[in-house]
Amino acid sequence: MSLTILYLYPQTILNMKFTFYGHASFSLETEGKHLVFDPFITPNEQAKDIDINKIKADYVLISHGHQDHVVDALAIAQNNDATIISNFEIVSWFGEQGHAKGHPMNHGGQWQFDFGKVKYTNAVHSSVLPDGTYGGNPGGFIIETPNLNIYYAGDTALTMDMKLIPMWTQLDYAILPIGDNFTMGIQDAVLAAEFINCDKIIGVHYDTFGFIKIDHEQAKAAFAEHNKTLHLLNIGESIELK
Ligand code: NI
Ligand code: MN
């Protein structure tokens, strides 16, 4: 019986694919489900080679209401009849925009989806939607799947609350903002990686605008000093997470 299971579910299926779309936009593919996060692609000149109409999504996860996290969410959700996962206010706002298929959450809550369990976590930031509507409180996501456990912090400062995460979940990867000015910079992101007890970090929210340009080699070296790996992907690049 166990041989049959191994044959039907070889290791390659159990891994996860991460694709970077620039800024803080990315997707995770896990066991055939496509999760798209914070899509901000069409206004981003650096992401001009990404065609949002080719992006597959079963779920679109939105960390907070800012323009640079929601701008392509409606189109991608509608193209794919995807479920939007975010806080209550943002899911309600997309409902008013004509996309009623959503799953509202709020801080500290979790829900078992068909791809895994999602917990909506605290972020220290702000969250207003592009038309001025109140966007609720900003957040991040812990995603526990049968394959890997992932944390996407959203836009946030370093917070003491991050120290709670290892009490809930042993993380395999964390996706952290590192561009400074609007979010954590490199030094605080290294501390965040310590707080969450995670050695494999994917950086986001850097280089898109003048205020958040970073030195890639310096950033990688800062993580390496703490025996951690910082992955910085090219826009459009995919890596296998394992
Ligand atoms: Ni923001
Ligand atoms: Mn942002």
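Trainee: Which residue forms a salt bridge with Lys101?

Mentor: Start with the general idea. Side chains of opposite charge can pair when their charged atoms come close. A salt bridge here is a side-chain nitrogen of Lys or Arg within 4 Å of a carboxyl oxygen of Asp or Glu. In this structure, the partner of Lys101 is Asp81, and their closest N and O atoms are 3.3 Å apart. The pair links distant parts of the chain, 20 residues apart. Lys101 sits in the loop between helix 5 (88-96) and strand 6 (102-105), and Asp81 in the loop between helix 4 (73-80) and strand 5 (83-87).

Trainee: What should I know before reading on?

Mentor: This is a predicted model: local features need pLDDT of at least 70, side-chain atom pairs count only at pLDDT 80 or more, and totals for chains, interfaces and linings use all residues. Residues are numbered from 1 along each chain as its sequence is written, chains are lettered from A and ligands numbered from 1 in the order written, and side-chain values use heavy atoms, with hydrogens and water left out.

Trainee: How many salt bridges does a search of the whole structure find?

Mentor: Five. One of them joins Asp114 and Lys33, at 3.2 Å from N to O. Asp114 is in the loop between strand 7 (110-112) and strand 8 (117-122), while Lys33 is in strand 3 (residues 33-37), 81 residues apart. Another pairs Glu240 with Lys242, with 4.0 Å between the closest N and O atoms.

Trainee: Is Asp114 buried or exposed?

Mentor: Learn the cut-offs. Buried means under 20% relative accessible area, exposed over 50%, and partly exposed in between (1.4 Å probe, protein chains only). Asp114 has 51%, so it is exposed. Lys33 has 27%, so it counts as partly exposed. Now try the other end of the scale. Thr169 has 5%, so it is buried. Thr169 lies in the loop between helix 6 (165-168) and strand 11 (173-177). Leaving aside neighbours within four places in sequence, Thr169 is in contact (heavy atoms within 4.5 Å) with Ile142, Glu144 and Asn149.

Trainee: Which protein donors does the nickel ion (ligand 1) have?

Mentor: Donors are N, O and S atoms within 2.8 Å of the metal (3.2 Å for Na, K and Ca); water is not among the atoms, so sites may look incomplete. For the nickel ion (ligand 1) they are His64 (NE2), His66 (ND1), His125 (NE2) and Asp155 (OD), 2.2 to 2.4 Å away. Asp155 also bridges to the manganese ion (ligand 2), and the two ions lie 3.1 Å apart.

Trainee: Why is the arrangement around the nickel ion (ligand 1) irregular?

Mentor: Four donors count as tetrahedral if all angles lie between 85 and 135 degrees; four count as square planar and six as octahedral if opposite donors are over 155 degrees apart and all others between 65 and 115; anything else is irregular. Here the four donor atoms subtend angles of 87 to 177°, which makes the arrangement irregular.

Trainee: How many helices and strands does the protein have?

Mentor: Helices (H or I, at least four residues) and strands (E, at least two) are DSSP runs, numbered from the N terminus. The protein has eight helices and 14 strands. Buried residues make up 52% of its 242 residues. Its C-alpha atoms fill a box of roughly 55 × 40 × 35 Å along the principal axes.
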